[in-house]
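Here is a short briefing for a first look at this structure. Have the sequence and the model open as you read.

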Amino acid sequence: MEKIFQAIERSGIEIAKLIDRDSFEYSDSANTSGDNQLKLDVESDKVIEKNFREVTSIRAISSEEKDREVEINRDGKYLISYDPLDGSSLVDVNLSVGSIFGIYENSFRGSNLVASAYIVYGPRVEMVVAYDEVKLYRLAGEKFHFVKTLSLNEKGKIQAPGGTQKNWLPHHKKMVDDIFQQGYRLRYSGGMVPDLHQILLKGGGLFSYPATTDKPKGKLRILFEVLPFALVFEKAGGYGVDDKSQRLLNIEPQHLHDTSPCFFGSKYEISLLKKYYG
Ligand code: AHG
């Protein structure tokens, strides 16, 4: 596992440099989710694949930028799903973006997720690893340094409600309004990594990406975005649930690119969610 974390660190350092110097042209291709792929997405994907190919314990990888799983070492123990550059459309407006990783044994399903990690490329480059605990590291020079262990309070002060408001379902709108009425402040950048990172570092709050009339299964991808953060939040003492208030880690995706409505938060906000969602 240590070698996998080292490969993730190397990838983070290389991608941070790519973001610094790359141009932000669109490539000619589109990925499975139909997005235009920025050149930077493709380059970041290549960086990560190259670094994972050096780790013998990895059996296969699956990327948000690839149509199918790629075998690395037949005898490897671990499977890794990753989103090489989540929120990449925010790069050209100079907002933070991130890379997300889920590390599984046996097969790509929540119950087999043994560790996860993400890197946020902002004014600083930071990495969070959820394994035994949730640990924050910060890049200084060519090395990530341990900063502290992260845990959530029972209740936060901010909420990040995703999706197009016009397409929210009435009970979701009521919940979001209720939370604002309780004094919560809006903190939403449109990048899942920095938005969840903020909630985690501020000790709590609610991030939601609900089912909407235009996207009944939500927008965020189960393997590449949802499950890795569900593990981070649970290990930090919080919760990750879907629109039936079921644990996200119990979801079994049928296809690599399946999506799910998702909610991440601390104890208080998730209990409130259950009031509106049942
Ligand atoms: P993309 O990688 O296509 O830019 O999508 C980013 C994701 C996620 O990071 C973020 O939370 C969500 O899309 C934002 O979507 P909305 O703009 O619909 O709220």
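This is a predicted model: local features need pLDDT of at least 70, side-chain atom pairs count only at pLDDT 80 or more; totals for chains, interfaces and linings use all residues.

Residues are numbered from 1 along each chain as its sequence is written, and side-chain values use heavy atoms, without hydrogens or water.

**Ligand surroundings**
- The ligand is surrounded by 15 residues, each with a heavy atom within 4 Å of it.
- The closest are Asp86, Tyr188, Met192, Tyr209 and Lys219.
- By class, the shell holds five nonpolar, seven polar and three charged residues; Tyr and Met count as nonpolar, Asp and Lys as charged, and Gly as polar.
- Domain 1 (2–149) and domain 2 (158–277) both give residues to the shell, so the ligand lies between them. The bounds come from an automatic or database domain assignment.

**Polar contacts and burial**
- A polar contact here is a pair of N or O atoms within 3.5 Å.
- A polar side-chain atom of Tyr209 lies 2.6 Å from a ligand oxygen.
- For Lys219, a side-chain N or O atom is 2.9 Å from an oxygen of the ligand.
- Gly87 uses a backbone N or O atom, 2.9 Å from a ligand oxygen.
- Alone, the ligand exposes 480 Å², and the protein buries 82% of that (Shrake-Rupley method, 1.4 Å probe).

**The sheet**
- Five strands form an open sheet with mixed pairing, in the order β12-β11-β13-β15-β14. Strands are DSSP runs (E, at least two residues), numbered from the N terminus; two strands pair if DSSP finds at least two bridges between them.
- β12 (185–186) and β14 (239–241) are at the edges with a single partner strand each, so one side of each has no neighbour in the sheet.
- β11 (residues 158–161) runs parallel to β12, joined by two bridges.
- Gln159 stands opposite Leu186 in β12.

Key: A polar contact is a pair of N or O atoms within 3.5 Å; within protein, one must be able to donate a hydrogen and the other to accept it, and residues adjacent in sequence count only if both atoms are side-chain atoms. Helices (H or I, at least four residues) and strands (E, at least two) are DSSP runs, numbered from the N terminus.
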